[in-house]
Amino acid sequence: MDERTARELRGLARVLVRSGYADHAAITAALTEAVQEDAPSMDPAALVPLLIGEAVIDLNAEAAGWPESTDPDRLDAVLAEFERLGLVVVRYTSDHHAARQALEAADAPQGLVFFTDTDVWHAVDFGMLELKLWHPDTANVAPGEPLLEDVLALLRQNDLPAVFDEGRIEVTLEWRRRVTL
C-alpha cells in the first residue's frame, strides 16, 4: 500500500471514530469497503482493527485534556431543546431523503433540523458543522424568518456561533466528542 492510500485510510478511520455517531460495526464496514477498493492487496480483517485502534488511541489521548463540557455536548443540549420545541432532529444521516422521511413520519412537526455524516466529518476536520433547517413542508428557511432566527438564537445562547449562509446554518465548533467503541 502506498503512503497516500495509507494516509487516506487513517484519515477515514479518524473521522469515523471521532464522529461519535458511528458504532464499531458501521466503522468496520466502512473501512473494510475502503480497504477493498483502495488497497485491494491488503487484508481488511488485519488492517481495519489496526486503523480503528490507532484512531481510538489518538482520540483518547487527546480527550484527556478536554474540558468537562465540549462543543458537541452543548450541541446535543441544543438539539434536545429543538426537539422539545417540536422540531424533528435527524443526526448523522446518510442524506436528505432519510431526513425528509423522518419529517414526513412525524406528527405535527414545527420543522426539521438535520445534518449528514459528511457534515460531521467536515466538522471533525475543519471546525464547522452545517445544519439544514426546513419548514414542515420541506421548504428551506430563508433569512429573516422567525424559525431561522429562533434556531440561530438558541445556538448562540449556548456558545455555538452560527450564521446562515447559502441555505444552511454554519455552526463554528471544535468537534470534541467523547467516544466509546
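View 1. Leaving aside its neighbours within four places in sequence, Thr70 is in contact with Arg176 and Arg178. Contact here means heavy atoms within 4.5 Å. Thr70 sits in the loop between H3 and helix H4 (71–84). Helices (H or I, at least four residues) and strands (E, at least two) are DSSP runs, numbered from the N terminus. Is Thr70 buried or exposed? Thr70 counts as buried, because its relative accessibility is 2%. Buried means under 20% relative accessible area, exposed over 50%, and partly exposed in between (1.4 Å probe, protein chains only).

This is a predicted model: local features need pLDDT of at least 70, side-chain atom pairs count only at pLDDT 80 or more, and totals for chains, interfaces and linings use all residues. Residues are numbered from 1 along each chain as its sequence is written, and side-chain values use heavy atoms, with hydrogens and water left out.

**View 2. The whole protein.** The protein has seven helices and five strands. Along the sequence they follow the pattern α-α-α-α-β-α-β-α-β-α-β-β. The C-alpha atoms fill a box of roughly 55 × 35 × 25 Å, taken along the principal axes. Of the 181 residues, 41% are buried. Take the contacts with a separation of 6 or more: residues 24 or more positions apart account for 57% of them.

View 3. In an unreviewed entry, UniProt lists residues 4–178 as "domain: DUF6891". UniProt positions are given in the numbering used here, feature names are shortened, and annotations may be inferred rather than shown by experiment. The span is 55% helix and 17% strand. Its end C-alpha atoms lie 28 Å apart.

View 4. Side chains of opposite charge can pair when their charged atoms come close. A salt bridge is a side-chain nitrogen of Lys or Arg within 4 Å of a carboxyl oxygen of Asp or Glu. How many salt bridges does the structure hold? It holds 14. One of them joins Asp125 to Arg14, with the closest N and O atoms 2.5 Å apart. This pair links distant parts of the chain: Asp125 is in helix H6 (residues 117–126), Arg14 is in helix H1 (residues 3–19), and they are 111 residues apart. Asp125 is partly exposed, with a relative accessible area of 43%. Arg14 is also partly exposed, at 32%.

View 5. The side chains of Arg176 and Glu174 meet in a salt bridge, 3.0 Å from N to O. Salt bridges that share partners join Asp119, Glu130, Lys132, Arg168 and Glu170 into one network. Inside it, Arg168 pairs with Glu170, and their closest N and O atoms are 3.0 Å apart. Arg168 is partly exposed, with a relative accessible area of 21%. Glu170 counts as buried, because its relative accessibility is 16%. Back in the other pair, Arg176 is partly exposed at 24% relative accessibility. Glu174 is partly exposed at 46%.

**View 6. Helix H2 against helix H3.** Helix H2 (residues 24–38) and helix H3 (residues 44–63) pack at an angle of about 125 degrees, and their axes are 9 Å apart. That makes H2 oblique to H3. Axes are lines fitted to C-alpha atoms, for helices over the stretch in contact, and angles run from 0 to 180 degrees between N-to-C directions. Angles under 35 degrees count as roughly parallel, over 145 as roughly antiparallel, 65 to 115 as roughly perpendicular and the rest as oblique. H2 passes H3 in a right-handed crossing. A crossing is right-handed if the near helix is turned clockwise from the far one by less than a right angle, and left-handed if anticlockwise. Which residues meet here? From H2 come His24, Ile27, Thr28, Leu31, Thr32, Val35 and Gln36. From H3 come Pro44, Leu47, Val48, Leu51 and Ile52.

View 7. Tyr92 has a positive phi of about 55 degrees, although it is not a glycine. Tyr92 lies in strand E1 (residues 87–93). At 16% relative accessibility, Tyr92 is buried. Asp159 is not a glycine either, and its phi is positive at about 60 degrees. Asp159 lies in the loop between helix H7 (146–157) and strand E4 (162–165). Asp159 is exposed, with a relative accessible area of 56%.
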